[in-house]
Amino acid sequence: MPGSWEGHYIRLERGSHHLRMRFVPYPRPTTVIRINNLPLPSERIPAGFYVSINVDSRRRWKSAIRVVSSDKSGVLDDIVILSLLEVLELSLEIRVSYELGRMLGNGEVVGKVKTSWDELLDHGNEPFDISFPPVCGDHSSLTLKAAVLHPCDNQDSALLDSIVECELSRNTDAGHEQFATYVTSKTVSHLNDAVQHFQLVLDQCLIGHPDQAAALTNLAWARLKGYIHEDFQDIESITSLFREALVLRPQGHPDHPLSIYHLTKALIWRYGKDNTAVYIHEYVQLFCKLLALCPEGTYLRSIMHNVDRVVRLCNGFPIDASDEGIRLRRNVLELCPLGNEHRPEALHKLAWVLMVRFQQRGTIDDLDECIERGHEAVSLCSEEHSRHDFYLNNLAVSLYHRFNHQGHSNDLNQAIYLYEEVLRLHPVGHNHRDRTINLQREALTLCPPGNPNRNYTLNNLASTLRTIYNELDANEYLNEAIDLSGLRSRFNQTGKNEDIEEAIRLCQKSLVVLPSLHPDRYFSYMVLKNAYVARYRIQNNPADLSLAVDNFRLGARHPTQGFPHRIAIALCWVDAAENSQHDSTLEAYQICLELFDNHMMTRSSVISRREAATTFCGAQSLPVDAASCAIRRDDLRRAVELLEQGRGLQWSLASRLRTPLEDLKLASPELALRLSEINEHLSDAQGSVGSADRAAADRAAVQYRRLQEEWGAAVAEIRDLQDFSRFLLPPSYEDLQAAARHGPVIILIASQYSCSAIIVPTSGEPHHISFPRITLTHLEKLKNDFARKIRIASCMRPEETRKELQVLLQTVWDDIMLLIVIVLQRDLKVRAALESGCVQLEPSLLFLSTQLTPFERRQTDVGGNYAWKTSTSMMKTSVTPSFAVIGQSEPGAGQGKALVTIDSELELVRKLVPTTANPITVSGDDATRAGVLDALQRNTWIHLACHGKQDCEQPYYSRFAMRDKPLTLLDIMERDIPHAEFAFLSACHTAVGDEKTPDEVIHLAAGLQFSGFKSVIGTLWVVDDAVAKHVVEAFYEKMFKDGVMDCTKAAWALNRATNAVRKKVPLEQRIVFIHIGV
C-alpha cells in the first residue's frame, strides 16, 4: 500500500444520483455505489441485494439490503469507513437476499472482485466501473468514487460483522449453492442435495422460530423448480409450504409481497395439473393484491408476465354467477387497466355474470352494474371489433331486463336502438341471424309447458321470426311465428282440465326447486294464478279462487321482482276480486296503492313520476274505485283514507323532501340531521338524472335510487320512535278530519262501480250519500255537455240567457247537490255552515270537470300528513302581509296575443288592497320569468293576471305567459315559500286537473299551494279578461271589507262576489273560478 495513504480511511456514502466510492478531502464526501445488472445462477426471484467487503478472514462489512429495481440495478445509501491499515486490498462481493426482513444465511453470490487501492486511485476524482466475472452470460458492475479521510475523522468507522456462521446459515448457503448448480447443470443430485439442506434448516426452525418462513420458502422454491422440470411430482405439498410461509408473513411484513408471488407461481402450476377452477380463482385474487403492493419500477412488478395469459384463460371460463365467480370477474377486470386489450371482454364477462345473478336473485344493484359495465365495454370497441355486435346485443338485453323491472321508457328506447344497431351490422342473410334463431329454438326446447320462462322464450323467438319474415318475405318464418303464438295462447287460455292440471303440477314443482327469493318464483305465481282462475271459471269452485288470490298476493309482494310487474299483478288481482266479489278486494287495492307509491319514489323527478303513473291501464281510477270498494263494505273511514292516499300521491312524494323536522329534532337530533342530509342529497340528485349523456344519466339514476333506499331506512328508524309511528305515512281519518274543523268536508267519488259522496263532519263518523241516478257514464256525458255548452256560451252576448247551461246545472243540483244538502241540514244540522260558505267540497276529477255549486271546492292539502298539521297551525303564525300585483299584457313571442285590459285590472286591484300591505306592481318588462318568481318569493299575497295554459299532455309544463319565456308549474314547484298566504290567478286554465293520472289534481293553482300558498283561486276554463275584472273587483271589495287581510275568508268572498256580479258577468264566467286551500 502506498505510504501516502498510511493512517487514512476510505469512506463510502450516498450521492445525489449514483452510488459510488469516492476519495476526496474530508468533509466533502458524496459517495454513491450503483449496482448494474444482477444475474442469478439460480434464476430465483430476489428480495433485494447488498454489498459485502471482507476486512480479513474473520470480519466483514455488509451494507443494508436494498430492493432491486425493474432494470436489475439498485442504489446503496450506506456509509462505510475502513482503516487502510486494516484493509490491505478491496475485496468486494455482491449478493442477493431472498428476504427483505430478517435474513437467513448470506444469500446468493452474484459477483466477487478484488482490487488494490492504487488501482482505485488511478481514476482520480472521476467515477469508474468495477466489473465482475460473467454469470450465465451476464456481467454485473459497480460504479465508484473514493475519498481520503484524515485520522481525526475515524469516529465514523464501520461496524464489522463476524464471518463465523451458525449451522442454520451454513446449511442455507449450502442449499443455495447446490440449487444454483442444479439450475445451470440440470443434475438432479444437486437438487436433492439442495432440498436436503433446506429440509435440515426447516427441521430446526420449529413453530415460532423467526426464520421459519424463510426456511419454508427456500424448501418450497427448490421443490417447485424440480416439479417444473419434472424431477418432483408433489405440487400439492409445495403449494401448502408456500401457504404456510404466507401466513407467517402477513400484511405489513416486508416479505409479504414476495410470499404472495411465490404462492401464485405454485397455484398456476397446481391449476395446470387438473384444471380445478378454485386454484385459478385464488391465483387471480392474490395477483390483484400483489399488483397493489408492488409499485411501478420495482423488480417484482417487472416480472409479472403471466397476467395476459391468465386473463385470457379466465375469460374462457364458463359463466359462474356465484359470489365467488363474480369475485373472480372483478379481479380479472382489475388485471385489465384502461388500454389493456382484454378489458372489453373482461367487462363483458363481469356484466354477464351480474345479469345472471340478477336473474337468480333479483337484486337491482347487480343489473345496474351490469349495464354500467356493458356501456363501458361497448365504448371501448369500434364497429370493426370482432365482439362489438355481441357487446351491443347483451347490453340491449340488460336494458330490456331493467325496463321490465323498473319501467323506465329510456331503457326500452335505448334497448331498441341497440337492437337496431346489431341488425344494421348483420344485414339480411348474415349467418348470425340464423344463429340467433337456432339459439332461441334451442332455448324453447329447454322450457317445456309449465316452465315459467316459456312465455318469454316464445315471445323472443316469435318476434325474431316475424322480423325476419318482414325483411325476407319468407313464409316459413311467419308460419312458425304464428304456430308459436298459438302455443302460447293455448297455454294461457285453454279450458281443458288436463292442461290446467299439468300447468299447476309443473309450476308447483318449480316452486319446490327455486329458493324463496328467486325472481323466477314470480312467474310461477303468475302461471298458477292464471291456472286457478281459469279452473274457477270452468268449475266455479271457491277453493280455486282462494288459491288464485294466494298467488296474486305472493306475486304482488315478491320482493325481488320489479314494481311494474308487481303492480300489474296487483291490478289483475283487483279486477279478479271485483268480478268475483272476493273478500280480498280491499286488500288488493291497498297493495296497489302501496306499490304505486314505492314505484314512483324510485323516480327522480315529477315528470318521470307522472310517466310512471300513466303507464298502467286502469290505474287512473284506482283511488276512487278503492274508495267505492270500502264504501260497499261499510268502511267509510277507510274509504276516505284510501281516496286521499291515492289522489294526492304525486304531491305527497314531491313534498316529502320538504317535511318540517322540528318535532323530530326534539325526539332524535341525530335522525333529524341524517334525514335532512339525505333530503338535500336527493334534491341535488334530481337535476343530474336528466343528463343528455346516457351513461351519466344511468349513473345518476342509480345513485338516486340508492339515496332513496337510505331515505327509506332512515324513515323506518324514525317510525320506531315513540309518537312517530305514522311519520310520512298517508294520513289517517283522524288526521284528515282536522280539515273539517270549520265545517263539513264533502268528498265526491266517481267510480265505475258507484258514484256517491262522503261527508266528513267536524267530529264523529263520516256519512255516505248515494247518487242513485248517477253513473260514471252519466258523468262522462255531463262533462262533455258542459264543455260544449260553455264553448257555445262564450260566443253569446252577455245579456243572452244561457238556458242550456242552466239545464245542466239544474241536473247537477237535482241529482247530486240537493241530496247532499238534505243530509247536511237533516242529519248534521249545518244550516249555518251552508249559509256562511264553510262547507268544503272535495270532488274527484270527473266531478271537478263539471260545475258543482254553491259550495267551495277544496283540494286536499298536497303535503301529506305533515301538510295537514301545517295547515291546522297556519293561523298561529304572525307574518307581516305584503302584496304583489303581477300582470303581463304583452307576452313574449308564441305565448299568446296581447291582453288589453290587464293593466287596468292591475291598477284596480292595487287600489283595493289595504295600504298596510305596501302593494307593489310587477308588469311590462319587469314581468319576466325570473322577475315573477322573485315576486312570489318575496310576497305573502299575490294577484296574477296574464295568459294561462294547461298542458294536457304534460301538466307539469302548464304555464303562465311572461315577457321573455313562460313560467311553468315546475318552476313554481321548485320554490319553497313557507310564509305565503293567498294567490288570485286571473288567467285561463289554472285549475284544470290531469285526466291521465290516478285522480290527481295537477295544475297551476295546486303548484302555488304546493310552494306554500295556503289559499288559491284559479280557473277551470278560458277567462274573458274583459268581464273577469268585475269578479276581481267584487272579490277584493268583499275580501277587504273590514280592512283585515285574512286568507281564510277567500272562499266566502268568492261566493259573495260571484253572486254580486250576476247581472254584469255571464254565467259561464262566474262559475269559472274555483277556490282551493284553507
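1. Disulfides. The count of disulfides, taken as pairs of cysteine sulfur atoms within 2.5 Å, comes to 0. Cys336 is thus in none, and the nearest cysteine sulfur, belonging to Cys288, is 9.0 Å away. Cys336 has 0% relative accessibility and therefore counts as buried; the classes are buried under 20% relative accessible area, exposed over 50%, and partly exposed in between, with a 1.4 Å probe and protein chains only. Cys946 also counts as buried, because its relative accessibility is 4%.

2. Basis of the values. The model is predicted: local features need pLDDT of at least 70 and side-chain atom pairs count only at pLDDT 80 or more, while totals for chains, interfaces and linings use all residues. Residues are numbered from 1 along each chain as its sequence is written, and side-chain values use heavy atoms, with hydrogens and water left out.

3. Overall composition. The protein has 42 helices and 26 strands, where helices (H or I, at least four residues) and strands (E, at least two) are DSSP runs numbered from the N terminus. Of its 1078 residues, 55% are buried. With contact meaning heavy atoms within 4.5 Å, 68% of the contacts between residues at least 6 apart in sequence join residues at least 24 apart.

4. All of β24 is covered: 5 of the 5 residues in 982-986 are buried. In a regular strand the side chains alternate between the two faces of the sheet. Here Phe982, Phe984 and Ser986 point one way from β24, whereas Ala983 and Leu985 point the other way. Two strands are said to pair if DSSP finds at least two bridges between them. Strand β20 (residues 941-945) pairs with β24 in the parallel sense over 5 bridges, and His943 has Phe984 of β24 as its bridge partner. Strand β25 (residues 1015-1019) also runs parallel to β24, joined to it by 3 bridges; the partner of Phe982 in β25 is Ser1015.

5. The three-stranded sheet. Strands β21, β22 and β23 form, in that order, an open sheet of 3 strands with antiparallel pairing. Its edge strands, β21 (948-949) and β23 (967-968), each pair on one side only. Strand β22 (residues 959-960) is antiparallel to β23, with 2 bridges between them, and Phe960 has Leu967 in β23 as its bridge partner.

6. Surface patch. Which residues form a nonpolar patch on the surface? They are Trp813, Leu818 and Ile822, with about 220 Å² of accessible area together. Trp813 lies in helix α32 (residues 803-826) and counts as partly exposed because its relative accessibility is 31%.

7. A loop residue. Ser732 is found in the loop between α29 (694-719) and α30 (733-737). Is this residue buried or exposed? Ser732 has 12% relative accessibility and so counts as buried. Leaving aside neighbours within four places in sequence, Ser732 is in contact with Glu641 and Arg726.

How values were computed: Patches are made of residues with over 30% relative accessible area and no salt bridge: like charges are joined within 9 Å, nonpolar side chains (Val, Leu, Ile, Met, Phe, Trp, Tyr) within 5 Å. Accessible areas come from the Shrake-Rupley method with a 1.4 Å probe; for residues, only the protein chains shown count as cover. A salt bridge is a side-chain nitrogen of Lys or Arg within 4 Å of a carboxyl oxygen of Asp or Glu.
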